[in-house]
Structure formats: structure tokens, C-alpha cells
Amino acid sequence: MTEPRILMTGLSFGESPRWHDDRLWVCDWGAQELIAVDLDGRSEVVERVPSFPFCIDWLPDGRLLIVNAAAGALQRREPDGAIVTHADLSGLSRYPWNDIAVDGRGNAFVGNIGFNMGEEDFRPGILAVVGPDGSARQVADDVAFPNGMAVTPDGTTLILAESYANRLTAFDIADDGSLSNRRVWAAVGDGYPDGICLDAEGAVWYADVPNKRCVRVREGGEVLQTVDLDRGCFACALGGPDGRTLFVVANEWGAASGTDAGGPKGQVLTVPAPAPAAARQ
């Protein structure tokens with residue numbers, strides 16, 4: 001296997017990578033910056049988001065959505081750069097909102113972890129859906145630390161990483177964003193799936209912080225490929241000109257706040273992938 005190549009360094013706490021408009025967009029939670037970086041490593045701060053955490057995805061019309069946990073809201077970036085409220089999520093939970101995935105109808109699925117990590121004992125979280133009109137409602141509960149999510153290209157299935165349950169969970173998606181037929185998509189043994197992405201062969205890549213790896217699995221749990229690193233893998237995305245580059249956002253877990261001696265240790269690394277990114281139909 002090709003050795004991972006470092007594309008970018010100096011992130012405080014990188015998360016939620018997405019390939020969009022020929023660049024990788026990364027949320028640096030520690031610096032509270034949304035950064036876009038090209039394949040030559042040239043980067044710029046696109047937006048400052050005063051929240052920890054915050055995550056991103058795009059509506060089908062190209063407008064950026066930002067999960068702002070501090071504000072308890074899903075925000076939208078207008079074509080002129082203005083940030084507006086797409087949906088108020090505060091009435092659904094007082095706990096932090098986390099990752100997001102948008103389907104081809106404009107339904108935005110957002111996870112809520114259900115407790116204050118580091119301050120409280122674990123409690124299961126929920127999933128919410130925000131419709132294209134900005135209406136928000138709960139669509140699933142009892143999820144064990146909901147993390148990365150992905151929607152299949154045909155828009156019929158949502159795949160969720162349940163980090164504290166060591167599994168990927170699938171739901172059927174109705175046209176209005178309702179979820180049903182909950183099932184285990186893949187049990188991952190001692191894995192702790194964090195951010196995920198889906199490829200064109202129907203396999204899922206999941207990032208794993210404590211095991212310092214990014215793993216490609218088939219539905220049912222068969223491991224197809226593993227990328228081992230020297231630090232925790234927090235999230236991953238497929239992109240590049242042909243969709244065959246795996247981008248991995250990694251950090252030393254103890255340095256994730258960016259306050260350790262030596263400064264921020266977060267990286268974005270690239271690895272050739274065997275199958276391209278799944279394309280929305």
C-alpha cells in the first residue's frame with residue numbers, strides 16, 4: 001500500500017472534511033476556522049465559526065450548511081457570504097450537535113451526542129432532520145454517540161457511525177426525511193468509528209481515533225483495507241479530480257486542543273483509494 005502523504009499540518013483539531021469545488025474543506029475546531037486546501041497544500045480560511053464542535057455539508061443548490069453547536073443551530077452561508085439561521089435546533093436538545101449529512105432532496109441529518117463529554121456520564125443521543133424549509137424534528141433516538149454519517153447515492157439509506165457501540169448503523173430514508181428499518185450495517189469489533197465516507201462500490205471508510213487507523217469495510221463488516229497512522233484518525237473524505245483520493249484528518253489525541261508544547265499537531269494526509277467517492281444521483 002502507498003504510504004500516506006502529508007497535505008497539510010498545523011491544525012489544532014481537524015474534523016468534518018468534505019471535498020467541494022476542487023478543494024478539501026476542513027473544520028478546525030480548536031482554531032474555530034473553516035479552511036479550504038487544494039492538492040498543492042495551498043490553504044485559506046473561508047469562514048470563522050465560534051463553536052466547538054462545528055461540521056459542514058452542502059445543500060443540493062450549493063449553499064453551505066454549518067452545524068454550530070455553540071449556537072444550537074444549523075446555519076446557512078448565502079452566496080454573498082452572509083451567515084443566516086437555517087434551523088433552530090435548541091428546542092430538540094441542549095447537548096452538543098455534531099456531524100451532518102445532506103441528501104439529494106435537501107434533507108439535512110444532524111446528530112446530537114446526548115451528554116457533555118468530559119463532564120457527564122454517557123447517555124445516548126438522537127438524530128434530527130432539517131427539511132429544505134428549515135423545519136427540524138427528531139427522527140431517531142438511543143444512538144450511542146452519533147458521529148459520521150453518509151447518504152447512499154440513491155438517497156434511500158443513511159449510514160451512521162455509532163462510536164460508543166462499535167458499529168455502523170443504517171436507516172431507510174423516506175422522502176420527507178423520516179427514518180425507519182434501523183439495522184446494523186457493520187459491526188466493527190474493537191473499532192470506534194468517528195467520521196465516515198462512502199465509495200462508489202458501496203463500501204464505507206471509517207476513521208478510528210484510539211486505534212490510529214482508517215478502515216474500509218463492506219456491509220456486514222468485512223474489512224477490505226486498513227490505513228495505519230502514528231496518531232488518531234478523526235475523520236475521512238474521498239475526493240480529488242477522479243474521486244480516488246482518501247483524505248484523512250488526524251491528530252495526537254492528547255494534543256487535540258492544540259495547547260500542548262510544540263503547537264498544533266493536526267494533519268491532513270492523502271492515500272490513493274481503490275474506488276472513487278460515491279456520487280449523489
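The following questions and answers go through a predicted model of one chain.

Residues are numbered from 1 along each chain as its sequence is written. Local features need pLDDT of at least 70 and side-chain atom pairs pLDDT 80 or more, while totals for chains, interfaces and linings use all residues, and side-chain values use heavy atoms, with hydrogens and water left out.

Reader: How many helices and strands does the chain have?
Author: Both are DSSP runs numbered from the N terminus, with helices (H or I) of at least four residues and strands (E) of at least two. By that rule the chain has zero helices and 24 strands.

Reader: What radius of gyration does the chain have?
Author: The radius is taken over C-alpha atoms, and the globule rule is 2.2 Å times the number of residues to the power 0.38. For 281 residues, a compact globule would have a value near 19 Å. The chain agrees with this, at 17 Å.

Reader: What percentage of the 281 residues is buried?
Author: A residue is buried under 20% relative accessible area, exposed over 50% and partly exposed in between (1.4 Å probe, protein chains only). Buried residues in the chain make up 57%.

Reader: How is Phe-13 paired with Trp-29: stacked, edge-to-face or tilted?
Author: Rings of Phe, Tyr and Trp (its six-membered ring) pair if their centres lie within 6.5 Å; planes under 30 degrees apart are stacked, over 60 edge-to-face, and the rest tilted. A search of the whole structure finds 11 aromatic pairs. In the pair of Phe-13 and Trp-29 the centres are 5.2 Å apart and the planes stand at 40 degrees, so the pair is tilted.

Reader: How many residues apart in sequence are the parts that Phe-13 and Trp-29 tie together?
Author: Phe-13 lies in the loop between strand 1 (5-11) and strand 2 (14-20). Trp-29 lies in the loop between strand 3 (23-28) and strand 4 (33-37), so the parts tied together are apart in sequence by 16 residues.

Reader: Is Phe-13 buried or exposed?
Author: The relative accessibility of Phe-13 is 8%. Phe-13 therefore counts as buried.

Reader: Where does Phe-234, which forms an aromatic pair with Phe-13, lie?
Author: The pair of Phe-13 and Phe-234 is edge-to-face, with 5.0 Å centre to centre and 70 degrees between the planes. This pair ties together parts 221 residues apart in sequence, because Phe-13 is in the loop between strand 1 and strand 2 while Phe-234 is in strand 22 (residues 232-239).

Reader: Which residues form one aromatic cluster with Phe-13?
Author: Trp-29 is buried at 7% relative accessible area, and Phe-234 is buried at 2%. Both belong to the cluster, and the residues that form it with Phe-13 are Trp-29, Phe-52 and Phe-234.
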